[in-house]
Amino acid sequence: MRLVASDIDGTILGHDGKISPRTIRAFHACRDAGVELVFVTGRPPRWLHPLEEQLGHTGRVICSNGAVVWDLEADHLVSAQTLAIDAVLEIRRIIKDLRPAALFAAETLTGFHLEPGFIENESSELLAQFAPAPLRETLTADDAVVKFLAIVRDGTPDDFLAEVAPAVEHLAAATHSSPGVAMLELSLPGVNKAVTLAEYAAALGIGAADVVAFGDMPNDIEMLRWAGHGYAMASGHPEAIRAAGQQAPHFDDDGVAQVLEERLASLGVPHS
């Protein structure tokens with residue numbers, strides 16, 4: 001275990017926005033033992049504050065499902081793989097033909113663009129920060145889209161993904177990370193958490209066999225398959241569980257911490 005790669009939401013962070021004290025201790029013990037830590041998330045860079053505030057993490061973070069690498073300590077972009085605006089608008093057209101009620105948003109390197117109605121809760125933090133408007137009016141050729149989002153109000157995220165993914169595969173890789181809301185996340189073809197994590201690990205001289213990875217949703221599948229020791233949360237999506245070689249206990253039982261404690265103990269590292 002030379003590198004621990006962990007998803008954030010549903011894996012170490014709950015709906016209350018908290019990382020448990022036991023999980024924090026386990027990550028600190030890994031760091032003290034010389035094990036590299038990297039967090040691999042669908043979140044954009046602006047939503048990484050739990051890592052800084054609760055874990056004191058200052059390293060690099062793989063964001064937006066692998067499309068962005070962000071340096072937390074320097075607070076700047078390391079690399080990005082972006083969708084062209086023409087491709088984004090064509091993806092939107094294809095999905096609209098399939099699901100006329102779909103609504104869209106675009107995560108760029110400089111902000112967030114969302115269509116009216118994309119978020120139902122008008123008191124949402126997103127709506128307070130970013131004014132809804134048609135994407136054709138707000139997206140410009142200079143905008144670098146790292147993640148395109150599509151949402152419908154009926155059906156399941158799995159069904160929506162199954163319908164859309166093959167229709168747009170020539171333009172984007174589609175996945176989802178929502179347990180209940182039918183919202184898809186689309187990135188440049190070939191971009192996912194595993195690809196960027198593999199590049200990150202290689203830069204450290206670490207191979208897949210020495211990587212322990214944790215995740216819980218379909219956007220973690222490639223990462224869980226790539227890592228030498230991929231653990232899906234017992235509380236996770238069935239597809240993620242099937243993809244992983246091993247299973248961590250339920251999120252509510254501090255599953256990530258339990259696995260890390262056992263692995264550190266096997267290395268002769270005591271934990272508190």
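**Close-up views of a predicted model**

**View 1. Helix 10 and its surroundings.** Glycine 268 comes after helix 10 and has a positive phi, near 85 degrees. The structure is a predicted model, in which local features need pLDDT of at least 70, side-chain atom pairs count only at pLDDT 80 or more, and totals for chains, interfaces and linings use all residues. Residues are numbered from 1 along each chain as its sequence is written, and side-chain values use heavy atoms, with hydrogens and water left out. Helices (H or I, at least four residues) and strands (E, at least two) are DSSP runs numbered from the N terminus. Helix 10 covers residues 255-266, and its end C-alpha atoms are 17 Å apart; this agrees with the 16 Å that its 12 residues should span at 1.5 Å a residue (expected span: 1.5 Å times one less than the number of residues). Its buried residues are Gly255, Val256, Ala257, Val259, Leu260, Glu261, Arg263 and Leu264 (buried: under 20% relative accessible area; exposed: over 50%; partly exposed: in between; 1.4 Å probe, protein chains only). The elements that cover these buried residues include strand 1 (3-6), helix 1, strand 11 (211-215), strand 12 (229-233) and strand 13 (246-248).

**View 2. Strand 8 between its partners.** In strand 8 (residues 145-152), 8 of 8 residues are buried. Strand 6 (residues 103-108) pairs with strand 8 in the antiparallel sense over 6 bridges (strands pair if DSSP finds at least two bridges between them). Threonine 108 has valine 145 of strand 8 as its bridge partner. Strand 10 (residues 182-187) also runs antiparallel to strand 8, joined by 5 bridges. Here alanine 150 is bridged to leucine 184 of strand 10.

**View 3. Aromatic pairs.** The count comes to 5 aromatic pairs (rings of Phe, Tyr and Trp, the last by its six-membered ring, with centres within 6.5 Å; planes under 30 degrees apart are stacked, over 60 edge-to-face, the rest tilted). The ring centres of phenylalanine 27 and phenylalanine 39 are 5.2 Å apart and their planes lie at 70 degrees, so this pair is edge-to-face. It links distant parts of the chain, 12 residues apart: phenylalanine 27 is in helix 1 (residues 21-32) and phenylalanine 39 in strand 2 (residues 36-40). Both phenylalanine 27 and phenylalanine 39 are buried. Phenylalanine 112 and phenylalanine 118 also form an edge-to-face pair, 6.5 Å centre to centre with 70 degrees between the planes. Phenylalanine 112 is buried, as is phenylalanine 118. Ring pairs join Phe112, Phe118 and Phe130 in a cluster.

Conventions:
Contact means heavy atoms within 4.5 Å.
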